[in-house]
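Hi,

Here is the structure I promised to pass on.

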Amino acid sequence: MSALLQTLIFGLATGAVISLSAVGLSLSYGVTRFINFSYGELLTLGAYLTLVAVSFGLSLPLATLVGMVVVGVVGVLLARLFFDPILSRGFLALLVTSVGLAFVLQNFVRMSFGSTPTRFPLPLMRPWRLGELIVPKVPVLVIAIALVTMLGVHLLLRFTRMGKMMRATSDNAALARASGIVTARVLATTWFLSAAIAALGGVLLGMTQLSLQPIMGWSFLLVVFAAVLLGGIGNPYGAMLGALIVGLGIELGVAYIAPDYGYAFAFALLVVVLLVRPSGLLKGTF
Amino acid sequence: MSEPLLSLVDLARSFGGLRAVNGVSFDVLRGSVTGLIGPNGAGKSTLFDLVTGVTRPDRGSVRLADVELVGKAPDVIARAGLGRTFQTPRIFPAMSVWENLMAGGDRHPGETVTRSLFPTRRSREREHELSGRAKELLTFLGLEHLASGSAAELSGGQRKLLTLGRALMMEPAILLLDEPAAGVNQTLTRTLMDRIADLRARGVTVLVVEHDMDLIMQLCDHVVVMHQGEVLAQGTPGSVQRDERVIEAYLGGAV
Amino acid sequence: MALTAFLVGLLTLALIYGVLALGLHLQFGLAGMLNFGHVAFFAVGAFTSALLSLPPAGSEAYLAIGGQYQLGFGLPVPLAFLAAGLAGGLLALLIGSTSVRLSSHYLAVATFAMAEIVRSVLTNEAWLTRGQFGILGVPQPLRGEVFGAASYPYVYLALTVVVVALMLALSVRLTASPFGRALRAVREDETAARALGKPSPGLKLRAFALGGVVAGLAGSLWTHSLGIIHVGQFVPIITFQVWLALLLGGRGNPVGAVLGAVVLMAITEGTRFLDSVPFLEPLTRRNPSFVPSLRYVIIGLLLIAVVRFFPRGILPERLRPPPVEDRRGDTA
């Protein structure tokens with residue numbers, strides 16, 4: 001019973017990380033309308049910057065916050081420097097640029113930290129005991145943080161003025177631009193939020209995997225793509241739904257079909273979605 | 001010059017709640033030049049898309065001679081004998097003017113991998129045939145001096161001529177022209193009109209959407225007026241021009 | 001002597017990448033398809049060629065190389081080479097038939113995902129590929145009996161040049177042919193091309209499959225040049241190095257594809273000498289991945305820069321004029 005519960009909780013934690021990362025990607029897709037291959041590197045950057053902050057003596061929560069802010073700013077800068085100038089050039093230019101950026105960022109991390117995995121600086125946490133059950137703290141924490149953050153995003157989108165402007169931009173970028181809603185501020189906020197969420201996702205990923213590697217974001221990217229596309233591209237709520245299905249698909253596949261394949265089940269799901277219903281399950285607006 | 005070549009029966013298509021085309025029926029007689037006019041938003045472009053297979057109609061049928069077109073892919077419809085041009089000329093920018101024309105020739109046995117590497121006599125002959133026709137069209141359109149250059153360097157009017165020529169390479173039974181004179185200067189409009197009249201002389205049936213009333217009145221044997229997704233009136237240019245409902249539709253909306 | 005052997009090996013590698021780039025040229029340069037999974041055809045071709053040509057279990061040759069991989073068929077290398085092309089083509093047909101109707105960025109993601117699935121299969125099905133261990137002793141044609149170790153790099157270079165020349169000739173002919181012309185029309189404007197009767201899905205699928213064949217052949221060339229095959233050699237970055245080569249050389253031009261590969265190889269190998277740059281020394285000593293990673297940073301920056309500042313590439317696409325009046329018939 002305890003073992004099953006453990007598997008379930010760890011599975012849910014992975015799903016939560018996928019979900020959060022997918023929400024971040026959906027936010028930026030709403031503005032740019034292309035699939036950003038460098039998104040995974042923002043997760044990697046977030047995790048490693050947090051590592052650096054911890055090594056300077058900050059507590060993990062504070063270090064995470066610092067990582068989120070820094071990566072958020074980096075996200076805005078990268079968008080302004082690399083994507084904005086070529087938005088009108090077509091898909092090839094945007095996709096190839098995002099791949100190039102991914103190589104630059106990932107290898108910059110590799111140059112700075114080396115290829116070997118680094119242990120994630122988690123303080124030792126004793127699991128909770130509920131009678132017979134042993135409940136590990138870390139995955140529960142991951143799930144909780146992810147849920148709270150996604151709730152925060154929901155509140156932002158629904159109830160704040162900025163959130164409404166972000167939704168209008170995602171709905172119909174051309175119209176929003178024409179009616180003056182889209183200012184540089186709305187775009188910058190969207191980029192910042194998307195990147196900061198990615199950074200948090202990276203930290204949570206590090207917590208679930210217990211180690212960091214420069215390739216962590218890139219390996220995770222397709223899984224996030226699967227969630228985003230399955231749920232309905234551009235729709236953060238769809239991304240959450242997609243993440244759930246993808247996470248479940250991975251767990252079931254590993255448990256019942258072939259244990260070695262892991263993420264490959266997500267890739268297969270992604271391919272199926274693209275072939276059967278590329279628009280995803282939910283409509284692609286907020 | 002009497003039986004219908006293209007028959008539209010009860011074509012309809014809605015987008016969301018908007019009925020873009022709402023039960024349109026008319027015939028285009030073989031050998032005629034038929035005009036399709038109507039205020040903006042009347043549904044003319046959507047109708048073209050329905051006929052050419054770009055959009056699937058919600059109901060209705062389109063028959064070319066005795067072949068049903070609804071449900072077929074756009075390239076299948078084109079090969080059945082239906083050619084079209086687009087409002088904004090869709091040239092192939094990275095190719096030369098010559099290759100743009102040559103790409104228009106269809107039913108080319110050489111368009112396979114094996115015959116590209118090992119051409120057969122038939123494919124060579126077809127290529128030669130198309131080559132001859134392309135040269136003729138270059139003269140017909142007055143574009144010979146531009147043949148080797150990039151299609152991207154052509155002016156708007158020249159592009160219109162090129163895409164007209166390219167559609168003609170297919171030797172279509174019927175040609176659908178989507179606002180051929182839009183954005184084109186007077187002289188070029190004159191040229192276009194002459195070319196379209198020449199087409200009629202060669203036995204090509206034409207259905208043309210236009211806003212330029214001079215062109216319609218001078219060229220067309222038959223005019224169909226659309227308004228708000230339906231056929232408002234049809235007949236000779238003269239009768240349509242005098243029709244009260246038509247006048248009101250144009251005065252009521254923008255042309 | 002060692003330097004010339006090194007340069008010969010480098011040129012061989014560059015030309016093999018050139019063949020890979022030619023395959024991508026057929027898919028993207030001609031047909032406009034955004035294939036982000038090209039490495040999968042390369043890998044499948046390489047493994048097919050290796051598998052078919054490795055000595056069968058129990059034979060003398062098998063024992064001579066350590067008796068580890070039991071699935072060898074012992075076929076002659078030229079046959080394995082052709083089979084590699086076939087395997088690449090079949091995989092491309094499979095992947096292409098499902099994705100040919102997808103629009104560009106979905107096609108990019110789908111091909112990328114499918115390539116990762118292929119890599120996953122190759123890694124996990126160790127009975128087929130020996131997974132993490134790899135396979136040694138992949139036969140090298142003409143080596144041993146006819147040519148010794150010293151002259152072998154030159155022999156292999158000669159073989160590679162022959163293959164490249166053949167592929168290039170075929171590509172140039174295809175590009176100029178009616179088939180190539182129809183494809184380019186579809187690439188330029190699919191809607192307009194369909195309105196002219198071009199059956200675009202079928203045309204694109206054929207181009208995609210052809211590109212897979214060429215990539216498979218490249219895989220065979222590659223594994224026999226090394227004598228070793230290991231699934232870890234086939235990483236996604238290879239796909240994007242080929243993309244860079246194609247974009248650098250000129251996407252619409254087959255000669256450009258090969259040229260781009262050679263230029264790119266020159267650039268990346270040029271960075272090898274960063275190892276000996278004085279002020280980088282302490283960094284490289286502390287972190288052995290430093291220079292390799294720097295090389296990839298440069299590739300990434302080049303990708304960004306080429307797409308933004310140099311999108312046409314070195315060799316432009318040819319504009320074809322009307323044929324000369326007095327040539328009869330031979331315009332195919």
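This is a predicted model: local features need pLDDT of at least 70, side-chain atom pairs count only at pLDDT 80 or more; totals for chains, interfaces and linings use all residues.

Helix 2 of chain C is largely enclosed by the rest of the structure, because 15 of its 15 residues are buried. Buried means that 20 or more other C-beta atoms lie within 10 Å of a residue's own (12 or fewer is exposed, anything in between partly exposed), with C-beta atoms placed from the backbone. Helices are DSSP runs of H or I with at least four residues, strands are runs of E with at least two, and both are numbered from the N terminus.

Residues are numbered from 1 along each chain as its sequence is written, and chains are lettered from A and ligands numbered from 1 in the order in which they are written.

Now for where chains meet: 34 residues of chain C are in contact with 38 of chain B, contact being C-beta atoms, placed from the backbone, within 7 Å. Helix 8 of chain C gives the largest share of chain C's side, 8 residues.

As for chain A, it has 11 helices and 4 strands, and 51% of its 286 residues are buried. Its C-alpha trace spans about 60 × 45 × 35 Å along the principal axes.

Cheers

Methods: Two residues are in contact if their C-beta atoms, placed from the backbone, lie within 7 Å.
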